Amino acid sequence: MVVSSLAMMLIYYYAIDHPKFAKWYHWLIWTLVAAMLNFAVAYLMTDYHLEKVFALQEQPVPYSSEFFTFSSINAIFTLLFCTLFSFLIRGKSVMCRRTPF
């Protein structure tokens, strides 16, 4: 989550770094995409691995309702880390220096 948030913000501020994308709503869309990606990865990885563990024991997965909660918290923390990394690394960006605020 932390590494993917940092990677997404580095891509936004240093790889994309275009005047057309130097708006607050582009930044918001980018961070929401990062949150959705982390949500999907967290949900699918926990579901896959726990299904595998409990399939070996021939039992149903008792934690299936918690996958969504865990993934949602992961997405919220992704938004927080993206915001933190934005403030830390945006100073050296050429075009997106003032994004999001």
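Predicted model: local features only at pLDDT ≥ 70, side-chain atom pairs only at ≥ 80, totals over all residues.
## Aromatic pairs

Across the whole structure, a search finds 7 aromatic pairs. In one of them, the ring centres of W24 and Y25 lie 5.8 Å apart and the ring planes stand at 85 degrees, so this pair is edge-to-face. W24 is exposed, its relative accessible area being 54%, whereas Y25, with a relative accessible area of 38%, is partly exposed.

F39 and F68 also form an edge-to-face pair, with 75 degrees between the planes and a distance of 5.6 Å from centre to centre. Because F39 belongs to helix α2 (residues 24-56) and F68 to helix α3 (residues 66-89), the pair ties together parts that are 29 residues apart in sequence. F39 is partly exposed, with a relative accessible area of 25%, while F68 is exposed, with a value of 52% for its relative accessible area. These two residues also take part in a cluster, in which ring pairs link F39, Y43, F67 and F68.

## The largest nonpolar core

The largest nonpolar core consists of 9 residues, namely M8, M9, Y12, Y13, W27, A34, C82, F85 and I89. Helices α1 (2-16), α2 and α3 are the elements that give two or more residues to this core, and the largest share, 4 residues, comes from α1.

A34, one of the core residues, is in contact with M8, T78 and C82 when its neighbours within four places in sequence are left aside.

Key. Residues numbered from 1 in each chain as written. Heavy atoms only, no water. Phe/Tyr/Trp six-rings, centres within 6.5 Å; stacked < 30°, edge-to-face > 60°. Buried < 20%, exposed > 50% of the residue type's maximum accessible area, 1.4 Å probe, protein only. Core = buried A, V, L, I, M, F, W, Y, C linked by side-chain atoms within 4.5 Å. Contact = heavy atoms within 4.5 Å.
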